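Open the model in your viewer and keep the selection panel at hand.

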Amino acid sequence: MWHMIVIILKIIGIGLLLILSLLLLALLAFLFVPVRYDIWGKTQGDIQGRLKITWLLHAVSVPILYQKGQLTVKVKLLGIPIMRIPDSRDKPSDEKADKAEKDQEARAPEEEETAAVVEAERTAREQELSLHPVEISQQPGSQEDPFPGDTGGKKRKRFSLADILVGIREKLKKLQYTICQFCAKIREGRQQLAKIKEFIMLDSTRAALRLCKGQLFYLLKKIRPRKIQGWVHFGTGDPALTGEILGGISALYAIWPCRLMLQPDFQHRVLEGEIRIRGRMRMCTFVGMAWRLWRDKNIKAVYKKIRESARGRK
């Protein structure tokens with residue numbers, strides 16, 4: 001009896017250990033298996049582009065295609081499409097579109113005939129009204145006249161000197177109130193700017209900003225492209241501006257491994273070429289950055305002060 005219980009417990013333990021091992025393996029894969037991105041773009045008459053995101057040896061892939069002014073997004077799991085935007089089922093087929101077009105062409109003569117009949121009836125009514133005009137006359141002061149003796153003129157309202165002075169006084173009061181409100185807003189804005197400046201000059205705030213800046217550069221370094229290749233023929237029509245853009249792009253050669261051929265045009269305004277960018281990123285990079293920011297005491301102090309100031313405004 002006890003021997004059977006021990007065997008059952010052993011099987012349960014092995015099953016739990018296997019489940020925990022699979023969960024740990026999935027967590028490690030989520031953190032350390034890189035997410036790869038492949039960007040391709042081409043402009044030569046029309047604009048075409050493709051962004052493909054893959055993970056775990058293409059087990060999960062998200063191709064995004066832009067072509068002929070349309071954007072298509074697919075989500076594939078083990079090569080099987082599980083989502084498509086826009087959904088092809090929502091679009092009518094060619095047969096349905098042809099059928100709708102034929103129905104519309106068949107209804108067009110009937111609609112034209114109905115419109116012609118309506119126009120003829122309207123013309124006949126206008127002719128009858130022109131041959132037999134309806135005259136309406138009323139005598140002033142009659143019972144049908146709701147306003148006897150009223151010729152349609154408006155009586156002029158007379159203003160006295162006292163009324164004019166009262167109106168000027170009211171306008172001056174409104175102007176004084178508006179100026180006071182404007183000055184109050186200016187004082188409030190200056191106080192807010194002084195508080196923000198004082199908040200930024202605090203040691204904790206400056207330390208938090210330095211940490212955020214360092215983490216941002218660390219993130220850009222980790223997710224930067226690993227390979228850039230292609231060719232670009234560009235020009236702005238302004239030789240000076242074209243030269244500045246060429247200098248800025250050339251600076252990327254010192255940062256990224258570029259195989260990009262540049263063809264500047266200093267006379268004409270043109271943009272065409274083909275470029276491909278490939279790189280990767282790991283989720284552990286984002287998790288580590290979030291952990292360092294969350295456990296920093298300066299970040300916590302800044303967050304606490306921001307919450308307190310927000311509560312004070314309420």
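Contact here means heavy atoms within 4.5 Å. This is a predicted model.

**Whole chain.** Start with everything selected. Residues 24 or more positions apart make up 58% of the chain's contacts with a separation of 6 or more. Switch to cartoon: the chain has seven helices and eight strands. The chain exposes about 26,600 Å², with 62% of it from carbon and sulfur atoms. Of the 314 residues, 13% count as buried.

**Helix pair.** Select residues 203-223, helix H4, and residues 283-295, helix H6. Their axes come within 11 Å and cross at roughly 175°. H4 is therefore roughly antiparallel to H6, since angles over 145 degrees count that way.

Show side chains next. From H4, pick Leu211, Cys212, Gln215, Tyr218, Leu219, Lys222 and Ile223. They meet Thr285, Phe286, Met289, Arg292 and Leu293 of H6. By class, this contact has eight nonpolar, two polar and two charged residues.

Finish by colouring both by accessibility. Cys180 counts as partly exposed because its relative accessibility is 45%. Cys183, at 32%, also counts as partly exposed.

Terms used: Residues are numbered from 1 along each chain as its sequence is written. This is a predicted model: local features need pLDDT of at least 70, side-chain atom pairs count only at pLDDT 80 or more; totals for chains, interfaces and linings use all residues. Side-chain values use heavy atoms; hydrogens and water are left out. Axes are lines fitted to C-alpha atoms, for helices over the stretch in contact, and angles run from 0 to 180 degrees between N-to-C directions. Helices (H or I, at least four residues) and strands (E, at least two) are DSSP runs, numbered from the N terminus. Angles under 35 degrees count as roughly parallel, over 145 as roughly antiparallel, 65 to 115 as roughly perpendicular and the rest as oblique. Ala, Val, Leu, Ile, Met, Phe, Trp, Tyr, Cys and Pro count as nonpolar, Asp, Glu, Lys and Arg as charged, and the others, Gly among them, as polar. Buried means under 20% relative accessible area, exposed over 50%, partly exposed in between (1.4 Å probe, protein chains only). Accessible areas come from the Shrake-Rupley method with a 1.4 Å probe; for residues, only the protein chains shown count as cover.
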